[in-house]
Amino acid sequence: MSDLNQNFFEKITYRDALRLAIHDAMIEDKKIIIIGVDVANYGGAYGATKDLLKIFGKERVIDAPISEPAIVGAAVGAAMTGLRPVAELMYVDFFGMSMDQIVNQLAKVRYMFGGQISAPLVLRTQGGTGRSAGAQHSQSLESWIMHTPGLFLSMPSKPNDAYHLLRHALRIDNPTIFIEHKLLYNSTGYLDKLDTNFSFGKANIIREGEDISIISYSRMINFAEKAAEILNQNNINSEIIDLRTLNPLDSKTIIKSVNKTKRALVLSESNYTSSVPSEITSIIFENCYRILKKPVIRYTAEDTPVPVAPNLEKNYIPTIEKIVEYSKKLCN
């Protein structure tokens, strides 16, 4: 288990950052359990719970039947009676099977019982395109969760953020939905366990600039960074904001950045209509309309089901080339 004995500052994959976060939390808090399809013997659909069964045993790492309502329902009940479950649904697309438990139970328990009972649960799942998995296994449904009061929502893009966001979610009493992009698991970055600048609900300005604010989260941050390098060669200095959490949403950082650059491009792999970028665009217009030099552009996936063909899937979501094109348009 050498890869679970990480130093305080070293390079790590996104997958191992998640696994290390769960491992460290389970060492500290014996009330934390894991439940989901193939999370024990197989180690999770994407390997984020690999070997945890060997360390913590079958009473704390539990393979569930293929029934999303049963997984979420059991986890909610366990959370209400004193445990801290980490429930895993293999794909965010399967939320449709469990929306009653998620929206009408998990999100509302603390409110309906006046805070006397809480449901400290982390629901991990995977979303996004990139594997030609088809329309039922490739969606970005974060706007469903963002629309539901009572649920925190985290979508980290970097291993360090994945570790700290998950660790924080496992300490608090508020239920948290944790959506991991399926193409980020093999990505690498530095993990700093002693990161003193980290704050749950606080966006991260990963690149400072003066000409345009590019606002995004999850895998689209990688696209924004690559586009920013190209824009820099064209004398356009872009500021990139990684939201990290969508609830709480750090609107202050968004507004401050746009007030400085006076231009904004909002990126997302979700659909265009009634999306996360729709909400962020509204926030920008409500607070920055007097100083905007150009209307905000929201650049998202198409308003269609996700195509399965690799070439169609690639162009269904934002591309680096189009991010550069839209940014140039905003900057004349």
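Two strands pair if DSSP finds at least two bridges between them, where strands (E, at least two residues) and helices (H or I, at least four residues) are DSSP runs numbered from the N terminus. In this predicted model, local features need pLDDT of at least 70 and side-chain atom pairs count only at pLDDT 80 or more, while totals for chains, interfaces and linings use all residues. Residues are numbered from 1 along each chain as its sequence is written, and side-chain values use heavy atoms, with hydrogens and water left out.

Leucine 267 stands opposite tyrosine 299 in β14. The strands β13 and β14 run parallel and are joined by four bridges. Both belong to an open sheet of five strands, with mixed pairing and the order β9-β11-β10-β13-β14, in which the edge strands β9 (204-207) and β14 (297-301) each pair on one side only.

The largest nonpolar core has 46 residues, and those with the most contacts inside it are Leu123, Ile177, Ile215, Leu243 and Ile284. Such a core is a set of buried Ala, Val, Leu, Ile, Met, Phe, Trp, Tyr and Cys residues joined through side-chain atoms within 4.5 Å, buried meaning under 20% relative accessible area (1.4 Å probe, protein chains only). Among the elements that give two or more residues to this core are α3 (68-80), β7 (176-181), β13 (264-271) and α10 (276-288). Because domain 1 (11-192) and domain 2 (204-331) both give residues to this core, it lies between them; the domain bounds come from an automatic or database domain assignment.

Leaving aside its neighbours within four places in sequence, leucine 243 is in contact (heavy atoms within 4.5 Å) with residues including Lys202, Ile215, Tyr217 and Ile280.

Conventions: Buried means under 20% relative accessible area, exposed over 50%, partly exposed in between (1.4 Å probe, protein chains only).
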